[in-house]
Amino acid sequence: MTFATLGLIEPLLRALQELDYKTPSPIQAQAIPAVLAGRDLMAAAQTGTGKTAGFALPLLQRLTLEGPQVASNSVRALVLCPTRELAEQVHESIRVYGQHLPLTTYAVYGGVSINPQMMKLRKGVDILVATPGRLLDLFRQNAVKFNQLQTLILDEADRMLDLGFSEELRDIYAALPKKRQTLLFSATFSEAIRTLAGNTLNDPLSIEVSPRNVAASSVKQWIIPVDKKRKSELFIHLLKKQRWGQVLVFAKTRNGVDELCEKLQALGINADGIHGDKPQATRQRALDRFKTREIQILVATDVAARGLDIDDLPLVVNFDLPIVAEDYVHRIGRTGRAGNSGQAISLVCADEVQLLSAIEVLTRQTLQRSEEQDFEPEHRVPMTDPSGQVLKKPKKPKKPKTGGGGGKSKTLGKWTESAEPLEAPVKAIRKVPSFNTGPRKKK
Ligand code: AMP
């Protein structure tokens, strides 16, 4: 199957050729014809499956071929995203896919001044990518109107609900025309998402390209039990001993991010942090520097867990386990992309056993334990199993099978039409040589 056989027009095919996208990913193969035909969509797909092109390509085509010119302060399509980072990334992807088309795109989100956004919207925009809060602000100030809106896209809908945007979503819906096409993307499908879908979608086509809530098999995962107060010490020990290259580290709180960053920086390690308290420009700069490998260690709260498309990341470390088990899947989904293998290590203390248990139930596996010599915890982490049982007396932990470093790569091949997704490569948009990535280069 090629993009041409999916019925895409020449300017889009040209952009795809320039990006060296050869084969549609499974979600693209299913979504593109359906969206072109005007269907609503309910798609279970994570970042890395190529979902952005799955909705952006047919959207760009429909907006080019159908409908009137955009009027002032109007938008013809709206993409709602949970975070500013994702909004930027999606906007950039749409911009590149649509570079040979006469359409305008723009992204609006909070944390930056609203005035330039109001100015930009005056002429109207064909595709507006927005976070819900800022969009409502703009709407309430009459900077944006929805009477021309023909398509609504909810990207990472589950994350929007997790972040407490349900009220904003309700208010936005109330302002949109009833007759429209709606595409809903979500990595997980909770009851709340199904209710949202039920209220929003009209006879949707359901697409599922990854087994729900199951972490990518290309990611090798294990936990290291450790006492809470020794986590930083263990992290630094492993960093040196295993000679880790780039690492994305997740901490539970903003303070946790800052504290770990400070400790690493004090040792001369090139680390930076992102969390919701930092201004958007600082967050974006840290992320960009991490992507260009100027920063070795990026420490983040879950704000950074979703949607970020970071090149060939070999290792994710959960300094703390996430409160919401689904976030574990998203966090470790930052590695093992584009057919590479990745590693996800969680430093787990006794207090976190319930969180561990919830993750194991969700991902239907018992995470292998591997104690680090001299860091064996005084407060043992009780044994768990994927049925959700937490056993009081921990068994004596087995000797680690893996050393934890290195990480051989596994070639998974190109995107095929099978239901099994292959995680795609990094940065939002760029030329990818091929999806047959082969062994990762040694750094
Ligand atoms: P997404 O899941 O939309 O975040 O896309 C993940 C990555 O895959 C991005 O870096 C895209 O540029 C890339 N990508 C998307 N579709 C394809 C394709 N058909 N062939 C090669 N790369 C792709």
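Predicted model: local features only at pLDDT ≥ 70, side-chain atom pairs only at ≥ 80, totals over all residues.
Residues are numbered from 1 along each chain as its sequence is written, and side-chain values use heavy atoms, with hydrogens and water left out. Local features need pLDDT of at least 70 and side-chain atom pairs count only at pLDDT 80 or more, whereas totals for chains, interfaces and linings use all residues.

The second largest pocket holds about 470 Å³ of space. A pocket is an open set of points on a 1 Å grid over the protein atoms alone, where a 1.4 Å probe fits, with protein on both sides within 12 Å along at least five of seven lines; lining residues have an atom within 4 Å of a point. The lining consists of 23 residues, and T83, R159, L163, R254 and V303 lie nearest the centre of the pocket. Ten of the lining residues are charged (Asp, Glu, Lys or Arg), seven are nonpolar (Ala, Val, Leu, Ile, Met, Phe, Trp, Tyr, Cys or Pro) and six are polar (the others, Gly among them). Domain 1 (4-208) and domain 2 (219-418) each contribute at least three residues to this lining; the domain bounds come from an automatic or database domain assignment.

E352 is located in the loop between β13 (342-348) and α14 (353-363); helices (H or I, at least four residues) and strands (E, at least two) are DSSP runs, numbered from the N terminus. E352 has a relative accessible area of 4% and is therefore buried (under 20%, with a 1.4 Å probe and protein chains only). C81, at 0%, and C261, at 6%, are also buried. No disulfide (a pair of cysteine sulfur atoms within 2.5 Å) was found in the whole structure.

Methods:
Buried < 20%, exposed > 50% of the residue type's maximum accessible area, 1.4 Å probe, protein only. Points joined across faces, edges and corners; volume = space filled by probe spheres on them.
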